[in-house]
Amino acid sequence: MVAWRRLARIVLLGVALLVLFPLPRLYAQPRVGGELVLVSGQEPDTLDAQKTSAAVTGTLMRYLGDTLVTKDLKGNYTAGLAKSWSVSRDGLTWTFQLKDNVKFHDGTRFNAQAVKVSIERAVAPETKSPIAGALFGPVASVQVTGELAVVLKLKEPFSPFLDNLTDPRAMIVSPQAVQQLGDRFGRSPVGTGPFKFQEWRSADRIIFARNPDYQWGPSYVHAGPPYAERLVLRIVPEDASQVAAFERGELSILTAPPTDVKRLQATGKYQLSTFLRKGVGLFLEFNVTREPFSDLRVRRALNYAIEKKSVLAIALEGLGEEAYGPLPPSIWGYWDGITSYAPGYDPAQAKKLLAEAGWRPGEGGVLQKDGKPFAFTIFIAPIDTWRRSAQIVQAQLRAYGIQMDIQTFEFGTLLAKFRAGEQQGGFMGYTYTSPDIVQLWFHSSNIGTGLAFSHYKDPALDKMIEASRTEVDQQKRLAIYRDIQKYIVDKALWVPLWTNTNYVFIQPSVQGAKLHPDGFVVVNDASLR
Amino acid sequence: MQAYLARRFVLLVPTVFGVTLAAFLMLHLTPGDPVAIMLGEFASKTDVTRLRRDLGLDQPLVMQYVRFVERAARGDLGTSIRSRRAVTAEISDRFPSTIGLTLAAMLLAISVGVPIGVIAATTKHVAVDSAAMAFALLGLSMPTFWSGLLLILFFSLKLGWLPITESEGIRALILPAVALAAPAAAVLARITRSSVLEVLRQEYIRTARSKGLVERLVIYRHAVRNALIPVLTIVGLQFGGLLAGAVIVESVFARPGLGRLAVSAILARDFPMVQGVVLVVAVMYVFVNLSVDLMYGFLDPRIRYQ
């Protein structure tokens, strides 16, 4: 009797201990629940992937939507909503087999018809799509060849097409929601992604909820719905407030401004991932249609005159790399010979070229030509790192007797002025996932409409860029991109300055968040402690 | 009184019309074609023509204005170009946050600034007076942006007491209200001090004292009450300052208010939205000044409304 009681007591104690101290870690499944909080300084213009021109919307669409093809954590193409695809030999016919049992957030079925409607909406002129339309631009027609089979016909071979399909703005949207919601779709979007739209409180936050039906994720995340119950984007305009809010635990993930990186790192509290920005962070772009930069020698001279190391050290606190060409090392197609091919810091060479161009020191050491001093104005945007970089370049050029004035414009105005060609020169930076960006920056068809802000017209360059887009052989494409990079450096359309490294800090309470090489945080596997 | 009220309300009509005219003309005073600016560089000719027709810009200016006022009177301020939502819906989303912040800051500024001013004016100790005025100078000189960040560093990060970027509830209101109130409180303290000093030199104060009234009653019943009239004027004017300051405070504390709405609308060239915010804020300001005028009578019964 006593023995029974003792045994019962031991068993009870054991149960109690197990309840009080559950076996941790060993059997721990990632917990479902909690809230992952991201932050942005900018509010999205719309959450309609096909109508947006804002970068932050692109990032959010990674969570709300799926694309036909996606890239894994090594940057290799992998199945998205299409489980397989093939391309005809001429590069014109793309055939996709779609995944089965995929549902949109509104409950409707994802199928070939949805792909057709979605792509046709993106390219329709009345959608006025700034980005998605261009991503699907080469598509001539979409044919539904079965419930889960779709064929895209292209107008011409287009080698960046596969990469375009992985862009978050190429996500497939719900045809029913688009039709029913009309203009309101942008405030209540419907996709197939791991999170679905819940609420948008203007200027405050956007809330996505876990999609419990999500079973069709890409191979590099676990099968099944994400662990976090909600994904929230807080809109906090001030950098300093973002950092403070992160330190207080109000935010889960933060891309820190350069000024705070070392301090946050020194606390040792946070998980840190870094990646080199996909794109050249800052370059001085010349307008070749205006004095004094219509002269190639002057443009080349400035490439020799500016010392990038101190610009990087002071403006970015050294958190990045010096830039030499139109592509950064983080984009496929980058030619690593560019660092030695492009002009480096060489004051003697700079002075020699300036003298050849007729600029000679006059009164007070100021460079003169035909009685006019060497003075020009660059236009920049009110971005802290840009402003600091401009001041350093200004000081460096002053030593050569060149007077550079800096004028700041709000970003939208700046773009408009650049397109109109009102600037002598200006600062710019970009983020992109493929080398096809050179088409936007340098093809003469983009003068006045796209991003060809150097207003440089050159049939030879245009031809090279066109070849880079139609060439299907990847090795040959690499060679074309190498030649393009050399050619642009030869013509000295830019002074590339730096490409910044992004420092992404993650709270210790967040487990399993991964950084994607395309520069966003994969949260499917992220759970909160 | 009622006749006065009625007349003041009638007088509001031209004022509000003036405000609508100013808000309306903003669109036309901007250099360049507003439609081209709104649609950006990629716009096609048909889009430009269509938007011009939608906005009624193809009609004579007077007709456009009449249409604008007519629609505004019906509570229709157009559709935001950026968010494609009704301007009134966007504004009413943001209105409570800004009003809450402004009122809290106003209350705080009055309840801190006025007593400091009274104490500084009536104290016999030079040190107290100097300290009060130094405090006021500090409050006035600190830019809101900077004081806001300092408050965050100390109360949110060091002490962990208050949230930084939350936007709902009283706790979230404290730090932004303090940051916004500081300059206003400083101004009120200085005005109150000089106004009380002015009144203390009046004959009726001497009378009150000589009839043997205790000093406390002299100060509070006779001096302060009379001294508050110029203070009230300043309170009305400060209201406008607080609305302007809200732009910065809302950015620092990430509050979804009218100030940020206005700034983002200006940056995005969202003209209907800018017009709407200007209109609402201006009308608000007009009404605040009206209520200040009406309050004079409560403080000083000699003021007759005729």
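Predicted model: local features only at pLDDT ≥ 70, side-chain atom pairs only at ≥ 80, totals over all residues.
## Chain A as a whole

Chain A contains 17 helices and 25 strands. Its C-alpha trace spans about 115 × 60 × 40 Å along the principal axes. For 529 residues, a compact globule would have a radius of gyration near 24 Å, and the 27 Å of chain A agrees with this. Of these 529 residues, 45% count as buried. Among the contacts in chain A with a separation of 6 or more, 68% come from residues 24 or more positions apart.

## Two open sheets of chain A

One open sheet of chain A is built from 4 strands in the order β1-β10-β9-β8, with mixed pairing. Its edge strands are β1 (35–40) and β8 (195–201) of chain A, each of which pairs on one side only. On average, neighbouring strands of this sheet are turned by 20 degrees against each other, direction ignored. Within the sheet, strand β9 (residues 205–210) of chain A runs antiparallel to strand β10 (residues 230–235) of chain A, and 5 bridges join the two. A:R205, for example, has A:R234 in β10(A) as its bridge partner. Helix α2 (residues 55–64) of chain A packs on the sheet and touches β1, β8, β9 and β10 of chain A. The direction of α2 makes about 140 degrees with that of β8(A).

Another open sheet of chain A has 3 strands in the order β15-β16-β17, and here the pairing is antiparallel. Strands β15 (360–361) and β17 (372–373) of chain A stand at the edges with a single partner strand each, so one side of each has no neighbour in the sheet. Strand β16 (residues 367–369) of chain A is joined to β17(A) by 2 bridges, and these strands run antiparallel. The bridge partner of A:Q368 in β17(A) is A:P373.

## Helix α3 and its surroundings

Helix α3 of chain A comprises 12 residues, 112–123. From its first C-alpha to its last, α3 reaches 17 Å, close to the 16 Å expected at 1.5 Å a residue. Its buried residues are A:A112, A:A114, A:V115, A:S118, A:I119, A:R121 and A:A122. These buried residues pack against β5 (93–98), α4 (132–135), β6 (139–146), β7 (149–154) and α6 (175–181) of chain A.

A:S118 is also one of the contacts of A:V173. Residue A:V173 lies in the loop between α5 (161–165) and α6 of chain A. Leaving aside neighbours within four places in sequence, A:V173 is in contact with A:A49, A:Q50, A:S118, A:V178, A:V190 and A:G191. The C-alpha atoms of A:V173 and A:F104 are separated by 8.1 Å, although these residues are 69 residues apart along the chain. By contrast, A:S141 and A:L478 are 337 residues apart along the chain, and their C-alpha atoms are separated by 29 Å. A:S141 itself is placed in strand β6 of chain A.

| Residue | C-beta neighbours within 10 Å | Class |
|---|---|---|
| A:S141 | 12 neighbours | exposed |
| A:V173 | 26 neighbours | buried |
| B:A254 | 28 neighbours | buried |

## Backbone geometry

Most residues other than glycine have a negative phi, and most peptide bonds are trans. A:N101 has a positive phi, near 60 degrees, and is placed in the loop between β5 and α3 of chain A. In chain B, the phi of B:A254 is also positive, near 50 degrees. B:A254 is found in the loop between α10 and α11 of chain B. The peptide bond from A:E291 to A:P292 is cis, with omega near -5 degrees. A:P292 belongs to the loop between β13 (282–286) and α9 (296–305) of chain A.

## Contact between the chains

How many residues of chain B are in contact with chain A? There are 27 of them, and they meet 26 residues of chain A. On the side of chain B that touches chain A, two or more residues each come from α5 (87–122), α7 (144–158), α10 (215–252) and α11 (258–267) of chain B. Helix α7(B) gives the most, with 5 residues. By class, this side of chain B has 13 nonpolar, 5 polar and 9 charged residues.

Technical notes
Residues numbered from 1 in each chain as written. Chains lettered and ligands numbered in written order. Pairing = 2+ DSSP bridges. Expected span 1.5 Å × (residues − 1). Buried ≥ 20, exposed ≤ 12 C-beta atoms within 10 Å, placed from the backbone. Contact = placed C-beta atoms within 7 Å. Nonpolar A, V, L, I, M, F, W, Y, C, P; charged D, E, K, R; others polar. Rg over C-alpha atoms; globule rule 2.2 N^0.38 Å. Axes fitted to C-alpha atoms, helices over the stretch in contact; angles between N-to-C directions.
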